[in-house]
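Here is a short briefing for a first look at this structure. Keep the sequence and the 3D view open while reading.

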Amino acid sequence: MKETMNWQFRDARAVWHPYTRQQDWLSDDPLVIERAEGVWLTDVSGRRFLDACGSLWVTTYRHGEPRLKAAVSRQLEELDHSTFFGATHTPGIRLAERLVELAPASESDPRGLTRVFFGSDGASMVDAALKLAYQFSVRSGRPRDLILHLENSFHGDSIAASSIMGGEQSQSAYGPLLMSTRRTTSPAPADGLDPARAAARALDDLEKVLAGCHERCCALIVEAMVQAAGGMLPYHPAFLQGCRELADRYGFLLICDEIAAGVARTGQMWATQHAGIVPDVMLCGKGLTGGVLPMSALLTGDHVADAFTGPGATAMFFHGHTYAANPLACAAALENLAMAQELDLPAVARDKGAVLGALLEPVAKHHAVREVRRLGVMTGIELAASLPRAGFRVCAAAQERGVWMRALGDVLVVMPPLAITDDELAQLTAVIEASLEDVFGR
Ligand SMILES: Cc1ncc(COP(=O)(O)O)c(C=O)c1O
């Protein structure tokens with residue numbers, strides 16, 4: 001413990017953490033992690049913690065996966081980095097081809113996702129998608145400047161991504177800096193509403209909004225199937241199907257953000273596949289490299305990309321990131337996608353999710369729990385919070401018992417790496433139950 005406190009003090013002097021109350025930092029006893037293997041994190045004092053949220057939803061299969069380590073090492077011997085601006089490289093081409101092969105497709109919709117644009121993190125891809133939608137409308141000869149998004153949505157923290165945040169936090173902190181966008185009803189069922197009815201109601205509301213602004217609307221951006229940071233809110237696939245119809249009817253782009261839900265976690269390779277639709281733009285990140293290196297990607301179709309070709313100096317997409325398509329990240333992503341196929345990770349997510357769901361039944365009955373929500377392994381446990389910082393307190397109790405979780409307000413988030421065993425899942429849910437009792441009593 002002395003070792004941990006020493007690092008915590010050094011950290012407190014030199015580091016500033018994202019979404020973290022610096023004032024409470026030392027009293028909150030932050031983890032100081034040194035190693036990770038499988039689903040376990042080990043801190044500087046040698047204490048082990050089960051990584052219940054896959055290190056913020058990035059560790060797809062497990063920490064220290066030998067195949068990913070070997071792929072990155074091999075790549076490092078060949079090419080560390082070279083730019084994608086006006087040049088290319090083999091790992092980037094291979095990864096783009098692989099993503100196109102694996103992308104959602106539909107027999108009834110000839111538009112596919114055939115072009116890949118790379119970035120480094122999620123928010124930068126969201127910015128790229130919004131700029132692309134606007135520039136696409138301009139280049140198509142009908143300029144439109146309005147972006148629609150959903151209540152409860154979260155797409156990252158750049159100024160543009162903050163402008164389409166579904167809660168009030170960004171508005172109150174940064175209001176004057178944000179873009180003007182239009183927010184519409186979330187399809188996630190609230191107050192016990194049936195999921196299909198919640199989806200239908202959200203579609204009705206979306207149509208009403210569009211009635212007043214469709215001529216200005218260049219894109220609707222939605223998190224595919226689960227509004228993740230908004231509180232792990234799964235919704236009915238009919239909503240995505242309805243969005244596809246409305247996008248076609250009114251001629252705006254449908255952007256599906258798969259940054260949290262993509263790469264197997266919901267029980268499909270891409271969450272959009274639950275609805276059987278193909279968006280105009282699909283975004284992925286987080287788990288794309290299996291959690292070893294930052295990388296994000298935007299996939300779109302020729303029907304969009306072709307608008308950016310033609311004569312003239314402005315016939316290009318004005319966007320790019322220095323580390324876009326970093327070869328090491330490409331190698332990790334290629335190996336991770338190969339593993340996802342060989343191990344059938346979507347099926348693993350379905351199976352592990354079912355085990356997790358059954359194990360959480362006693363948790364769902366606890367008097368302090370309002371609702372347990374889940375799609376695949378993406379799980380939210382909403383507390384009927386009667387205490388300040390209730391989610392944080394339960395996570396702190398879990399940390400004492402050897403489980404690392406992070407709450408979204410009053411929602412405990414569970415999204416473990418897919419290599420978790422059934423025994424480890426049982427350990428995890430037993431700790432959640434005990435931690436609820438520590439904080440709220442039996
Ligand atoms: C759905 C979604 N989109 C975008 C982002 C932003 O990703 P990043 O933190 O890599 O910028 C997140 C992050 O949680 C997310 O959940």
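In this predicted model, helix 8 has an exposed side: Arg197, Asp204, Lys208, Ala211 and Gly212 are exposed there. The buried residues of helix 8 are Ala198, Ala199, Ala202, Leu203, Leu206 and Leu210. They cover an arc of only 135° around the axis, which puts them on the same side of helix 8.

**Helix 8 and its surroundings**

- Helix 8 covers residues 195-213, which makes 19 residues.
- From first C-alpha to last, helix 8 reaches 27 Å, close to the 27 Å expected at 1.5 Å a residue.
- In an α-helix there are 3.6 residues a turn, so residues three or four places apart point the same way.
- Strand 6 (182-184), strand 7 (217-223) and helix 9 (237-250) are among the elements that cover the buried residues of helix 8.

**Two residues in the covering elements**

- Gln241 lies in helix 9.
- Because 15 other C-beta atoms lie within 10 Å, Gln241 counts as partly exposed.
- Leu203 is 38 residues from Gln241 in sequence, and their C-alpha atoms are 9.8 Å apart in space.
- Leaving out residues up to four places away in sequence, Gln241 touches Ala275 and Ile277.
- Arg183 is found in strand 6.
- Arg183 is partly exposed too, because 18 other C-beta atoms lie within 10 Å.
- Leaving out residues up to four places away in sequence, Arg183 touches His149, Leu150, Glu151 and Gly166.
- Between Arg183 and Arg350 there are 32 Å, C-alpha to C-alpha, and the two are 167 residues apart along the chain.

**Helix 15**

- Helix 15 runs over residues 422-440 and has 19 residues.
- The distance from its first C-alpha to its last is 27 Å, close to the 27 Å expected at 1.5 Å a residue.
- Which residues of helix 15 are buried? They are Leu425, Leu428, Thr429, Val431, Ile432, Ser435, Leu436 and Phe440.
- Just after helix 15 comes Gly441, with a positive phi of about 80°.

**Two domains**

- The domain assignment of the chain gives domain 1 (31-64 + 345-440) and domain 2 (70-343).
- The centres of domain 1 and domain 2, taken over C-alpha atoms, are separated by 27 Å.
- Domain 1 brings 26 residues to the contact, and domain 2 brings 25 residues.
- On the side of domain 1 that touches domain 2, at least two residues each come from helix 2 (54-57), helix 12, strand 13 (369-375), strand 14 (378-383) and strand 17.
- Helix 12 gives the most to that side of domain 1, with 6 residues.
- By type, the residues on the side of domain 1 that touches domain 2 are 15 nonpolar, 8 polar and 3 charged.

**Around the ligand**

- The ligand has 14 residues around it, and Gly122, Ala123, Gly156, Ile259 and Ala260 come nearest.
- Which helix gives the largest share of the shell around the ligand? Helix 5 (residues 122-139) does, with 3 residues.
- The shell divides into 7 nonpolar, 4 polar and 3 charged residues.

Technical notes: Residues are numbered from 1 along each chain as its sequence is written. This is a predicted model: local features need pLDDT of at least 70, side-chain atom pairs count only at pLDDT 80 or more; totals for chains, interfaces and linings use all residues. Helices (H or I, at least four residues) and strands (E, at least two) are DSSP runs, numbered from the N terminus. The expected span of a helix is 1.5 Å times one less than its number of residues. A residue is buried if 20 or more other C-beta atoms lie within 10 Å of its own, exposed if 12 or fewer, and partly exposed in between; C-beta atoms are placed from the backbone. A residue is near a molecule or strand if its C-beta atom, placed from the backbone, lies within 6 Å of it. Ala, Val, Leu, Ile, Met, Phe, Trp, Tyr, Cys and Pro count as nonpolar, Asp, Glu, Lys and Arg as charged, and the others, Gly among them, as polar. Domain bounds come from an automatic or database domain assignment. Two residues are in contact if their C-beta atoms, placed from the backbone, lie within 7 Å. The arc is that of the directions from the helix axis to the C-beta atoms.
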